[in-house]
Every structure is written in C-alpha cells, then in structure tokens.
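User: I have a structure open and want to go through it with you. Can we start with what you mean by the words you use?

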Amino acid sequence: MLQPLKRVLGSAGMTWWPASWAMRTEVRAGSSAGAQPGKKQGLQKLSAKLAAGPTLQQFLRAASPPQEPPCELTEGLEEPVPYLVPSTLPEAGRKVYLETYGCQMNVNDTDVAWAILQKNGYLRTKSLEEADVILLVTCSIREKAEQAIWNRLQLLKALKSKRRRTQSPLRIGILGCMAERLKEKILHRERLVDIVAGPDAYRDLPRLLAVAESGQQAANVLLSLDETYADVLPVQTSLNATSAFVSVMRGCDNMCSYCIVPFTRGHERSRPIASILQEVKMLSDQGVKEVTLLGQNVNSFQDTSEVQFCSAAAPSLSRGFSTVYKAKPGGLRFSHLLDQVSRIDPEIRIRFTSSHPKDFPDEVLQLIQERHNICKQLHLPAQSGSTRILQAMRRGYTREAYLELVHHVRDSIPGVSLSSDFIAGFCGETEEDHQQTLSLLREVGYNVGFLFAYSMRQKTQAYHRLQDDVPTEVKHQRLKELISVFREEAARVNGALVGCTQLVLVEGPSKRSASELSGRNDGNTKVIIANRELEDRAAARAQPGDYVLVKITSASSQTLRGVLLRHTTLQESAVYC
Ligand code: 5AD
Ligand code: SF4
C-alpha cells in the first residue's frame, strides 16, 4: 500500500464497471446563477453543443466491450470527445489550483490531472484567491483523511460565496478516491461542489469543467479495467527537481479485508513497459537523479501489451504466501521492468513503492542485490504480527512466513533497509495479538514505519463480516506503544550507521536551516549535512542532484547527520560502510 504524503510515526469499492466502456457521466441540474453576462453567448453555444452531444452511434461504439484478446496490442491514443475540442471551451486561460491529500499515488494523479488540464488551455496558480477552479485530489483510506476534506470544503464555501459577488464564479471539484466512494453524498451535501471525478476519469476533466461552467454539477466516477494514463506525460511539479514518481500500475486485486483501495481505485492494471521506459528516459534527459516506480502493488506488475509474452508462466509467490485471486500467467513482470528501468541511466537511483510481501520472487531480490542503481530498500507492509489477525485481514501469510521472508531478504541483499505499515486495533485484536505485533517490530528492526489506528471503511469485507470491537482509546494506546517501540528500533538501526560513510543524494537546503543541506541515503533516510561542513569549499559547492559521500556523525529515529567528505557518482560508490 502507498504511504501518506507526510511520514507519520503514526487508500478504495468494487463497482466493477465494464472494461474501457464509454464514460458514464451524470449531470445534475443546478443553479446557473454564477454565470456571467459576458460569457452568456459562449455558454449558450456550449450548452447547445452539450445538448447535441455525441451521436447514438458514438455512444454505442464506445460502449462495446473490447473485442480483442487481453494480450493484443491496443492503441493508447487519447480519442478526443468529438463534440468538445479545446478551442471551443470558454475555460481556456482559466486558472486552476490543485491541492493533494493522501498518498504518493495522489501526488502522481495530481500531475496527470494537471497535464490534461494544461493541454486544454488551463493555467496553474498557487494562489487560492486568484483561482477560477479549485480541485482537491482526495483520499479515503481512513475516516480522518475524509474528515480533512469535509473541513476544507467548509473553508472553500466562504471563498466561493465571496467570489460570486466580485469576480468570475469559482468552480470546485473533488477528484480521486473520495469522489469515487462518495459521489452522491458530495454532490448532495455540498452544493458548492461543481464536479466529481474518480481516479480513472481525469481525461474527462475538461468536459466536466465545461459542464460546470454552464452552472450544472457534473460527475464521472467510472472505473476502468485498462486506464493507466500511459500516454499522458505527467507534468512533475510536486517533487524537487532531483526526484520524480513514475506511475507503473493502478488499482489493486488483493482485497485485504480492511482496505477500501480496491473499491475506489478498481482492478489492478499495468502500464505498458515501453511507455514507462520512455518517461524514465525523458526524466534522465532532464537531469532527474532518482525515480520512484509507483503503484498500489508495483511488484505484481504484469504488462500484457506485448503479444509474444502472453504465454509466460506466472512468477512464484514468496514462500508461504498466497493470494485471494488465481495466478495470472503471461506478460512481462516486475523483474523485467526493474531490469529495463535500471539500464536507462546508471546515474539514476531507482526505488519502488508500494509492494505486497507476497511478490518478491528470487529474481527480483537478486536484481536488487546486483544493480548498483536499485536502492537496497524494501517496503514490506506487515500490518500485524499476529497470525490470527493476519488471517482476519486476508493478508495471505502467517507471522512465521513473513519473518522467513525478512530473513531471506536480508540474506539475499546484505545491508537492506526495511520499512513497513502496521494497523493497531483491527477487529478482534486482543492484547496478546498486539504484543505479537510489538515483538515483530522488535525482531525485524525497521528503519521507517507507517503506523495507523484501524478505521472501519464501508464496503470492505471487514465492514460486512467483522466487528470493529476495539475501543477507540485502546486503539490509540496500542498505536502509541507501536510508535514508541518503532522509534526505539529505528534509533538503534540508524545509530549503527554512526561512523559509516553513506552515499547521499542532495535534495536542497534543509527545512530547519538554509545553511544546512538535506538529502537521502540509499535506505531513504534523511541525512542533514551541517553548517560547519558547508564552510568547506567542496561542500559549499554541493547542489541539489549531486551525489556526495557523507560521514555519519549522529543519528535519531528519523534523521542522520553527517560531514560531507566529497562529491562522487552513483557508479563509483556502491555501499560505503
Ligand atoms: N484503517 C487503518 N489503516 C489502514 N490502512 C489501509 N486501510 C486502513 C484502514 N481501514 C493502512 C495500511 C496500508 C496503509 C497505506 O494504510 O497499513 O498499508
Ligand atoms: Fe489495500 Fe491490501 Fe491492496 Fe494494499 S494490498 S492497497 S492494503 S487491498
């Protein structure tokens, strides 16, 4: 599973819509009071076009289920909506403000949505006040994440009503997982929301916004079996210039009993390798130094777009692991993707997230061990240390199988850094189960952890079959204990690096002091290069995007501090310790 944007020491229903069918849009009648007289003529023209809409044939053609077998090559080209072309849209030149909540996948979705809007003539603004359109890219994974959006909408309400009296009307949109989960509720409860677009409907944003301009509410929450936005080159605005996310797959088929993601993001589907390689090459040409391959379960990647690989056998699962779905043979798998991506530029460091522990066959581990530019850092979300709870969560492994995998990973990739996700207070969790989770945390010794209190989500299997019976105070007490043990362990793991030399990719000035540099080591731990060292001329020249060797002088549970030794390259420096 993907991680929230902020690292905290503490993602959605299977409305299985048919594959690549026509977009299903619901348009609600609403007030057109916000429309400005100057725009009236344009809007009338637009309304006429919308009313005319596509022909019945166009809808029937688009609504036919795909005829081709799953492995045949398909055209990835975006087909324009025939009756709306950018030049006819009155929105060209309007300013859009995008706000992202939730995981890295949402960061990437924001870039995709922006790429689509930019192509359609929108401008981007960083100021809420000057925005004509405000879009929130939302998360549903826990109740708290949704509450943040409801609160935000209350603030935007004031902004919108103020706007009506002065400038052009403000349009507000809810995008992503919460849009998918709560479409009706959002449109009814928050009349101020003009558009609702699910994670597979971003191509439809220009049209939805055009409808909103005519004063109506518009929604598209159709989930797709094949949308990967492969041909939409995301405009990377969210990360620093040294690092980029590249989305390689979407959706999830695992159906862990607590998780809403399969319901909001739909079935697993992988982007064709060729388009991924093309994007990484472009990033390399732009000077990006770190690429994170992104998806709900990147390591179950399966590109079936190349017909010659259709009959390949499914790779084996990690020992002692099972899935809720049948083995999926055919296609190019994650080891192939990783191999190809790591060959593009020997000076680009590769990471991937998120992963499920079931999909770590030996060929993937071996590749990580062999390649100097694949980070020796794995995210192995455990969720619980109790076999009984893991079964209730439908994770497909026992505590013992998970620990065996950890030992196997450590034997295969010496020095590997491990991170994990845990949920405190899942349905039926006893004190004994909780103690087992604490002991697993101690036994493994992760250097990064994402820990959460369980939040019951409608539609999930746990919602239908299990009791959310751990009292809130107990959940929070257990979460506190997990955080405390995790911190102790992370401080110990990081402390072992004091005195070692680490390869660090410089990201920029540190947040606390502009005279310090901040970067990350291979294990993805933050490294601060302190003031004193910057007085050194070589150190002073270190720029974002440089690889430097840093001697670690102190460590906490979250950060390393050190002395800059010299510049280096990724190829020159394997692991220094
Ligand atoms: N309640 C609490 N945490 C959850 N996660 C997923 N669903 C829930 C839920 N209903 C956590 C899992 C997952 C991470 C991204 O969020 O630990 O790996
Ligand atoms: Fe959710 Fe499980 Fe899929 Fe992760 S693997 S997104 S936890 S269903």
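Analyst: A residue counts as buried when its relative accessible area is under 20% and as exposed when that area is over 50%. Bear in mind that this is a predicted model.

User: Fine. Thr292, then: buried or exposed?

Analyst: Thr292 has a relative accessibility of 9%, so it counts as buried.

User: Where is Thr292 found?

Analyst: Thr292 sits in strand β11, which covers residues 290–294.

User: And what is Thr292 in contact with, leaving aside its neighbours in sequence?

Analyst: Once neighbours within four places in sequence are left aside, Thr292 is in contact with Ala244, Phe245 and Val246, and also with Arg351, Phe352 and Thr353.

User: Zooming out, how many helices and strands does the chain have?

Analyst: There are 17 helices and 22 strands in the chain. Of its 577 residues, 56% are buried. The chain's accessible surface is about 24,300 Å², and carbon and sulfur atoms account for 53% of that.

User: Salt bridges next. How many in the whole structure?

Analyst: The search finds 34 salt bridges. One of them joins the side chains of Glu146 and Arg181, at 2.6 Å from N to O.

User: Which parts does that pair tie together?

Analyst: Glu146 lies in helix α4 (residues 143–165) and Arg181 in helix α5 (residues 177–189), so the pair ties together parts that are 35 residues apart in sequence.

User: Are those two side chains buried or exposed?

Analyst: Glu146 counts as buried, at 2% relative accessibility. Arg181 is buried as well, with a relative accessible area of 19%, and the cut-off is under 20%.

User: What does Asp200 form a salt bridge with?

Analyst: Asp200 forms one with Arg269, and their closest N and O atoms are 3.0 Å apart. Asp200 is in the loop between β6 (195–197) and α6 (205–213), while Arg269 is in strand β10 (residues 269–270), so this pair ties together parts that are 69 residues apart in sequence. Asp200 counts as buried at 8% relative accessibility, and Arg269 counts as buried at 5%.

User: And Asp359, what does that one pair with?

Analyst: Asp359 pairs with Lys358 in a salt bridge, with 2.5 Å between the closest N and O atoms. Asp359 is buried, with a relative accessible area of 10%, and Lys358 counts as buried at 1% relative accessibility.

User: Which residues are linked in a network?

Analyst: Salt bridges link Arg94, Asp132, Lys160, Arg171, Asp194 and Glu213 in a network.

User: Changing topic. How many disulfides?

Analyst: The count comes to zero.

User: Last one: at what angle do α3 and α6 pack?

Analyst: Helix α3 (residues 104–119) packs with α6 at an angle of about 65°, and the axes are 9 Å apart. The two helices are therefore roughly perpendicular to each other.

User: Which residues make the contact?

Analyst: From α3 the contact is made by Ala113, Ile116 and Leu117, and from α6 by Leu205, Pro206 and Leu209.

Technical notes
Residues numbered from 1 in each chain as written. Chains lettered and ligands numbered in written order. Predicted model: local features only at pLDDT ≥ 70, side-chain atom pairs only at ≥ 80, totals over all residues. Heavy atoms only, no water. Salt bridge = Lys/Arg side-chain N within 4 Å of Asp/Glu carboxyl O. Helix = DSSP H or I, 4+ residues; strand = E, 2+ residues; numbered from the N terminus. Buried < 20%, exposed > 50% of the residue type's maximum accessible area, 1.4 Å probe, protein only. Disulfide = S-S within 2.5 Å. Areas by Shrake-Rupley, 256 points an atom, 1.4 Å probe, with all protein chains shown as cover. Axes fitted to C-alpha atoms, helices over the stretch in contact; angles between N-to-C directions. Parallel < 35°, antiparallel > 145°, perpendicular 65-115°, else oblique. Contact = heavy atoms within 4.5 Å.
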